[in-house]
Amino acid sequence: MLNRIPKMNLHLHLDGSFRMDTIWKLAHDQNVQMPAETIEDYEAFIRKCANAKDVNEYLKMFDTPLKCMQDKASITRITEELIEDLARQGYIYAEIRFAPQLHTQKGLTQADATEAVLEGRNNALKKYPKLRIGILTCMMCIGIDTLNQKENMETVEVCKQYLGKGVVGIDLAGAEGFVPLSNFGTLFAKAKEYGLPMTCHAGDSQGPDTVKDAMDFGVTRIGHGHHVYFDQELVERAKENKVLFEICPTSNVQCQTVPSYAKHPMKPLYDQGVLVSVNTDNDTFAGVHITDEYAHCINDMGFTVDDIFQMNINAANAAFVTEEERKELLHILETARKEYTTC
């Protein structure tokens with residue numbers, strides 16, 4: 001039954017969702033040093049790092065694929081392959097996020113990197129024209145906010161430049177806890193001035209105070225954000241403002257920002273009427289596809305199949321799409337939901 005659910009994913013990182021054999025080949029072609037001698041050992045390395053029990057340790061896994069994604073051809077290929085894989089899994093919509101500034105180590109500009117991603121997107125969608133894919137550009141927290149303030153502001157400008165051309169919005173990702181999230185307010189103020197749809201990583205390894213900061217920015221969605229559960233006033237504010245939380249159950253368990261699937265606050269938040277959706281974060285690093293997350297939701301977290309449909313409807317309502325596209329997504333989901341309930 002889970003394979004028949006039209007798939008949605010609003011929180012999916014490009015550089016953590018690649019084909020293993022592609023990265024292995026690119027690394028050897030580009031003389032990138034790998035942390036293992038064989039592809040099997042590299043897979044074991046990833047599985048070990050994925051369970052690092054700390055978000056900032058988890059982020060170290062991105063080093064190798066990022067080193068392989070410093071030219072247009074490689075970025076385009078990885079993007080195209082990911083979208084092909086999503087199509088084969090039964091997706092109807094996904095937003096893929098990446099940080100343009102992390103792909104400039106060998107001379108590409110942020111605009112170059114974005115165009116490479118968009119080329120990969122367009123190539124894939126020619127093969128799968130019914131699939132909808134949006135691209136999010138990520139600003140980055142790499143430590144003290146002043147370290148890359150210029151690069152982050154450039155990401156805002158790049159998002160504005162390519163908005164409506166495949167890019168659908170902006171995000172802030174990266175390390176957590178080095179500086180207050182509120183330090184990035186100027187960037188979000190500029191994004192808001194430009195009318196950019198905004199999401200923001202918050203409330204994952206950090207407490208609900210970061211969720212408050214993100215909501216103060218004016219975002220309509222929050223990446224992870226499950227620690228909002230521990231501040232009932234913020235819960236009510238999120239409900240009132242219809243903020244959606246992009247929950248990634250397996251990633252949260254692996255990084256131990258929650259104790260277990262069973263003790264994840266996602267279901268209690270859902271039961272309170274908070275808008276949540278199911279996402280994978282990083283397919284390759286987490287070792288999951290979206291159907292695996294659906295199975296965890298049902299088998300380990302107390303959700304029903306109908307809840308999965310509702311959370312995908314939540315995602316469609318919060319997706320950074322045109323109203324016409326939203327109606328199409330909702331029609332597909334609601335039709336599939338009715339077919340399921342009449343089986």
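**A walk through the model**

Author: Let us begin with Thr114, which is found in helix H6 (residues 110-127); helices are DSSP runs of H or I with at least four residues, strands are runs of E with at least two, and both are numbered from the N terminus. This is a predicted model, in which local features need pLDDT of at least 70 and side-chain atom pairs count only at pLDDT 80 or more, while totals for chains, interfaces and linings use all residues. Residues are numbered from 1 along each chain as its sequence is written, and side-chain values use heavy atoms, with hydrogens and water left out.

Reader: Okay, is Thr114 buried or exposed?

Author: Thr114 is buried, with a relative accessible area of 0%; buried means under 20% relative accessible area, exposed means over 50%, and partly exposed is in between, using a 1.4 Å probe and protein chains only.

Reader: And which residues does Thr114 touch?

Author: Leaving aside residues up to four places away in sequence, Thr114 touches Phe98, Pro100, Val158, Tyr162 and Val167, where contact means heavy atoms within 4.5 Å. Thr76 is 38 residues from Thr114 in sequence, and their C-alpha atoms are 9.5 Å apart in space.

Reader: Switching topic, how many aromatic pairs are there?

Author: The structure holds eight aromatic pairs; rings of Phe, Tyr and Trp (its six-membered ring) pair if their centres lie within 6.5 Å, and planes under 30 degrees apart count as stacked, over 60 as edge-to-face and the rest as tilted. One of them joins Tyr42 and Phe45, whose ring centres are 6.2 Å apart with the planes at 15°, so this pair is stacked.

Reader: Where are Tyr42 and Phe45 in the chain?

Author: Both belong to helix H2 (residues 39-50), and because they are three residues apart there, about one helical turn separates them. Tyr42 is buried at a relative accessible area of 1%, whereas Phe45 is partly exposed at 27%.

Reader: What about Tyr270 and Phe303, how are their rings arranged?

Author: Tyr270 and Phe303 form an edge-to-face pair, with 5.4 Å from centre to centre and 70° between the planes. This pair links distant parts of the chain, since Tyr270 is in helix H12 (residues 266-271) and Phe303, 33 residues away, is in the loop between helix H14 (290-300) and H15. Both Tyr270 and Phe303 are buried.

Reader: Which charged residue lies over the face of Phe303?

Author: That is Lys267, at 5.8 Å from the ring centre; a charge sits over a ring if NZ of Lys or CZ of Arg is within 6 Å of the ring centre and within 35 degrees of the ring normal. In another place, the charged end of Arg221 sits over the ring of Phe320, 4.0 Å from its centre.

Reader: Now the backbone: what is phi of His224?

Author: Phi of His224 is near 70°, a positive value in a residue other than glycine. Most residues other than glycine have a negative phi. His224 lies in strand S6 (residues 221-224) and counts as buried at 3% relative accessibility.

Reader: And what is phi of Asp281, and where is Asp281 found?

Author: Phi of Asp281 is near 75°, again a positive value in a residue other than glycine, and Asp281 is found in the loop between strand S8 (275-278) and helix H13 (283-286). Asp281 is buried, with a relative accessible area of 5%.
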